[in-house]
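Hi there,

Here is the structure I promised to pass on. Have a look first, and my notes follow below.

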Amino acid sequence: MAKLIRVGAGVKENPHRKINFGTLRFLIDSYRANDVQYVLYKLSYAGKYIYIKGKTLAGSLIIIADTLASFDINNKDRFNGHLYTYLFSHLMNDDCSGRFRIKILATAEDGDFYSLLKMEQSMIDQDRYNPKCLNNQVEAYIPQYNEKTDSYGWIPKSAVMNFKKWLSGQERKGLLIQYKK
């Protein structure tokens with residue numbers, strides 16, 4: 001297992017760089033053995049952070065590591081508006097060095113996916129104007145709907161429908177006013 005990963009296309013605007021993945025690989029290996037399912041967590045690196053929700057913690061970290069390995073800021077077709085573009089751009093910054101850290105914020109192992117979505121949205125809303133927050137979407141990410149499973153990825157349809165109703169409700173509007181101050 002390599003501790004350094006080489007990224008970048010090797011051109012002037014996107015030079016080859018090596019990112020220390022030792023701490024991320026350690027976290028992946030740590031959670032593989034005793035993984036957390038249906039999780040919302042905060043991934044931080046070098047003073048900045050992103051809120052991420054995943055079916056499993058180790059699985060979502062593997063997806064991030066694999067996608068970062070192929071990240072090219074100049075590939076507009078693939079990475080324009082990508083969920084992790086701000087995170088990857090931060091990691092590619094020459095002044096950026098640090099350790100990956102994880103803070104588990106909530107789980108839905110008890111089946112309460114609606115609360116997990118609300119918690120993610122509340123965290124995004126709270127830090128929407130914070131330059132250290134690297135989430136590039138203003139709403140919690142919801143996977144595409146799958147007709148065969150009648151769910152949005154691993155999230156039940158009922159939880160998503162209730163969450164969408166909550167998004168436009170008075171409770172959230174009050175929170176947005178509170179967070180804006």
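A quick definition to start: two strands count as paired if DSSP finds at least two bridges between them. Helices (H or I, at least four residues) and strands (E, at least two) are DSSP runs, numbered from the N terminus.

Before the details, note that this is a predicted model, where local features need pLDDT of at least 70, side-chain atom pairs count only at pLDDT 80 or more, and totals for chains, interfaces and linings use all residues. Residues are numbered from 1 along each chain as its sequence is written, and side-chain values use heavy atoms, leaving out hydrogens and water.

Now to β3. Strand β3 (residues 37-45) pairs with β5 (residues 101-107) in the antiparallel sense over 6 bridges, and Leu-40 sits opposite Ala-106 in β5. On β4 (residues 48-56), β3 has another antiparallel partner, joined by 8 bridges. The two make a hairpin with 2 residues between them, and Ala-46 in the turn has a positive phi of about 55 degrees. Gln-37 faces Thr-56 of β4.

Thr-56 also caps the N-terminal end of α2, with a side-chain oxygen 3.0 Å from the backbone nitrogen of Gly-59. Helix α2 (residues 57-69) has 13 residues. Its buried residues (under 20% relative accessible area, 1.4 Å probe, protein chains only) include Leu-57, Leu-61, Ile-64 and Leu-68.

Finally, there's an open sheet of 3 strands in the order β6-β7-β8, paired antiparallel. β6 (145-146) and β8 (155-156) are at the edges with a single partner strand each, so one side of each has no neighbour in the sheet.

Cheers

Technical notes: Expected span 1.5 Å × (residues − 1). Buried < 20%, exposed > 50% of the residue type's maximum accessible area, 1.4 Å probe, protein only. Polar contact = N/O pair within 3.5 Å; in protein donor to acceptor, adjacent residues only side chain to side chain.
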